[in-house]
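Please look over the model shown here before reading on.

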Amino acid sequence: MQSSRKNFQSREAFHRMNYLYQAADFSRTLSGRDGMKLMLHYGTMLHSVARKTVTRHDISLKRRICKNCHCILVPGNTCIVRLLKKPRQLMWLCVVCGTYKVFNTKPDHIVWTETPEAVVEVINCATSSNASSEENVCGQVDKLILDEHNMETSTQATEQ
């Protein structure tokens, strides 16, 4: 099997968004008001980079960023987490701006992006030891295509 290298669209934007998220998370740990201002600045830059390059955040990243002030939501530090009893939901309340997010807590609830039908291909990027620090080399490409998934399920159904 041949190892293929593949570049994906707006790779630099993903690397920049990753760096901005890590910088915002680190600046959150700084003491005083300057750390909070810096975190809000990096969060706003992260949101603007994603909007300008028309890229989507991963759902775990999207749930950790406030929609209003773009700060990093960390339970006990920048947000308050409450469990709502009636509809069995989880509410995250931003301490900075007061905006809240509500998530389902049903045990059988599956987010669509975590289903196999949602994944078209997975590209693993790693920095090569031979390459320069600026150059990233994409590794093995694992493809999960809907047609192959449908063929596997149809062959399993015919065997039974």
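Which residues lie nearest the centre of the largest pocket? They are F14, R56, H57, D58 and I59, out of 25 residues that line this pocket. The model is predicted, so local features need pLDDT of at least 70 and side-chain atom pairs count only at pLDDT 80 or more, while totals for chains, interfaces and linings use all residues. Residues are numbered from 1 along each chain as its sequence is written, and side-chain values use heavy atoms, with hydrogens and water left out.

**Pockets**

- A pocket is an open set of points, on a 1 Å grid over the protein atoms alone, with protein on both sides within 12 Å along at least five of seven lines; its lining residues have an atom within 4 Å of a point.
- The largest pocket holds about 1,100 Å³ of space, where a volume is the space filled by probe spheres set on grid points joined across faces, edges and corners.
- Two or more residues of its lining come from each of α1 (11–28), α3 (59–63) and β4 (121–126); helices (H or I, at least four residues) and strands (E, at least two) are DSSP runs numbered from the N terminus.
- Helix α1 gives the most to this lining, with four residues.
- By class, the lining of the largest pocket has 14 nonpolar, seven polar and four charged residues; Ala, Val, Leu, Ile, Met, Phe, Trp, Tyr, Cys and Pro count as nonpolar, Asp, Glu, Lys and Arg as charged, and the others, Gly among them, as polar.
- The second largest pocket holds about 230 Å³.
- Of the 13 residues that line the second largest pocket, H47, H57, K62, K67 and H70 are the closest to its centre.
- Helix α2 (residues 32–52) supplies the largest share of that lining, four residues.
- The lining of the second largest pocket is made up of four nonpolar, four polar and five charged residues.

**Cavity**

- The structure holds one cavity of 30 Å³ or more, a cavity being a set of grid points where a 1.4 Å probe fits but cannot get out.
- The largest cavity has a volume of about 30 Å³, and its lining consists of C66, L73, W92, L93, C94, T99, Y100 and K101.
- Six of the lining residues are nonpolar, one is polar and one is charged.

**Nonpolar core**

- The largest nonpolar core has 21 residues, and C71, I72 and L73 touch the most other members; such a core is a set of buried Ala, Val, Leu, Ile, Met, Phe, Trp, Tyr and Cys residues joined through side-chain atoms within 4.5 Å.
- The elements that give two or more residues to this core are α1, α2 and β2, with α1 giving the most, five residues.
- Beyond four places away in sequence, L73 touches R63, R64, I65, C66, T78, C79, W92, C94 and K101, where contact means heavy atoms within 4.5 Å.

**Cysteines**

- Zero disulfides (pairs of cysteine sulfur atoms within 2.5 Å) are found in a search of the whole structure.
- The sulfur of C71 is too far for a bond, because its closest cysteine sulfur, in C69, is 3.6 Å away.
- C71 is buried at 0% relative accessible area; buried means under 20%, exposed over 50% and partly exposed in between, with a 1.4 Å probe and protein chains only.
- For C79 the closest cysteine sulfur is in C94, at 7.6 Å, also too far for a bond.
- C79 is buried, at 2% relative accessibility.
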